[in-house]
Amino acid sequence: MSTPTRPVASPGWRIGGLGGTPVYLARSWPLIVVLLFAVVAPSLLGNGRSTGYAIFVAAAAAVMLLVSVLVHEAAHALAARQRGHAVDRIVADVWGGHTVYDSRGVTPLTTAYVAAVGPLSNLVLALLAWLVQPLVQSDLASGLLGAMTYANLFVGLFNLLPGLPLDGGQIVSSLVWRATGRKGTGLSAAGWLGRAVAAGSVVWFVGLPLARGEQPSTISFIWAGMIAFFLWRGASAAIRSGQIHDATAGPATAVLEPVTLVSGAASLADLDELLSRHGVRALAVEPGVDSGASGAAAPGGPVATGGSGWVAATDPTGWPLGLLDPSAVASVPPASRTGARVAGAVLAQPPDWVVALPLDAVLTDLVQAMSERALSVAVVVDEQDRRILGLATASRINDVVGAELARRKGR
């Protein structure tokens, strides 16, 4: 499964690399060995095989499954790289695996292409294992190759089912996106299909045996529950993502607030005069930031209100350094304001808090940029001439998106 989203840290144990892309084995992977042992042990022990032999077979099957997963994800990674997108990592986990790549500027065609090559690689592996199986003499090797054939055939076909989070769902999402011009609509449509696939998996593994008068095995219940849970969770996330994507399809400039720039070398007396000329009665406080001396992050900080304004200090080149701390500005007595510098009252921001966007950027682009950099506040500039467009805050974006979601829900 390909995942065009920003990755998180600590994905598991690093086991190698692919052209500079790290490959990880998630800490959930050992559970696969346990599940495979539960599947193969009854038949092997019933035929007089030892427990050690059953564990060996389960471990060997897990290794072959791992190879299948890594081939699948490597196909996603190579396809994404071929289309000009940087690949951050490949992870094999208990749900199969995922490949994370930079999706900025991605097109419906690229999304569909990257999604399709994964399951197709499994079908190729199934064919290769089927062709090699008659050539081996060992019963164990023949059995493992047979299992690899059927496992890859199942994974390849299952992943092509038309619902997110499966690769087939990515293809459907891309087709709807291409047809409607709305990526969010594609995500939502494929997400609802994903929920249908989740329900269908329960019917397949449990409902059909019951309809035939058979009692499903415990393993069937476990597999059905795991698959349905994985699909339903991923499908629900896709629907929510689609709704948010549509709600953020408007211009990014709509959420920007005015920000006054002042040189960090200026005195606080100069700042007072500047704010007076701009009609700013009080400085605004960065949302979620304690304006005390420590400047430490704290939830529930005050936000800008009517009559207040955002003020950012700049370095000697005019580049924004950070927002002014209202409490630090107010704490300097009038007699000392001429000698006190603006730079001494700044809530410093990360170096990448200035986000460059094209003038026609949509809110989705701004949200993605701020999420990738873990920013709660950002100065937005025109990527062409670096002109300051305004200040974006997470609280303002959340209010706008929340209102739009509520409006769409009430329609």
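Two strands are said to pair if DSSP finds at least two bridges between them. With that in mind, this report looks at one part of a predicted model, beginning with a sheet and moving on to the helices and loops.

## The sheet

Three strands form an open sheet in the order E11-E12-E13, and the pairing within this sheet is mixed. Strand E11 and strand E13 stand at the edges, each with a single partner strand, so one side of each is left without a neighbour in the sheet. On average, and with direction ignored, neighbouring strands of the sheet are turned by 30° against each other.

Between E11 and E12 the pairing runs in the parallel sense and extends over four bridges. Ala-356 has Val-381 in E12 as its bridge partner, while Leu-357 stands opposite Asp-382, also in E12. The chain gets from E11 to E12 by crossing through helix H10, and this β-α-β crossover is right-handed.

| Element | Residues |
|---|---|
| Strand E11 | 354–357 |
| Strand E12 | 377–382 |
| Strand E13 | 388–393 |
| Helix H4 | 139–159 |
| Helix H5 | 167–180 |
| Helix H10 | 363–372 |
| Helix H11 | 394–410 |

## The helices

What angle do helices H10 and H11 make where they pack? Their angle is about 140°, and their axes lie 12 Å apart. Angles over 145 degrees would count as roughly antiparallel and those from 65 to 115 as roughly perpendicular, and H10 and H11 are therefore oblique to each other. The crossing of these two helices is left-handed.

On the H10 side, the residues that meet H11 are Leu-363, Leu-366, Val-367 and Met-370, and on the H11 side they are Ala-394, Ile-397 and Val-401. The residues of this contact divide into seven nonpolar, no polar and no charged.

Returning to the sheet, E11 and E12 pair in the parallel sense. Helix H10 packs on this sheet, where it touches E11, E12 and E13, and the direction of H10 makes about 145° with that of E11.

## Two backbone details in loops

In the loop between H10 and E12 lies Ala-374, a residue that has a positive phi of about 55° although it is not a glycine.

Elsewhere in the chain, the peptide bond that leads from Leu-164 to Pro-165 is cis, with omega near 15°. Pro-165 has its place in the loop between helix H4 and helix H5.

Key: Residues numbered from 1 in each chain as written. Predicted model: local features only at pLDDT ≥ 70, side-chain atom pairs only at ≥ 80, totals over all residues. Heavy atoms only, no water. Axes fitted to C-alpha atoms, helices over the stretch in contact; angles between N-to-C directions. Parallel < 35°, antiparallel > 145°, perpendicular 65-115°, else oblique. Left-handed = near helix turned anticlockwise from the far one by under 90°. Contact = heavy atoms within 4.5 Å. Nonpolar A, V, L, I, M, F, W, Y, C, P; charged D, E, K, R; others polar. Right-handed = clockwise from strand over helix to strand, strands pointing away.
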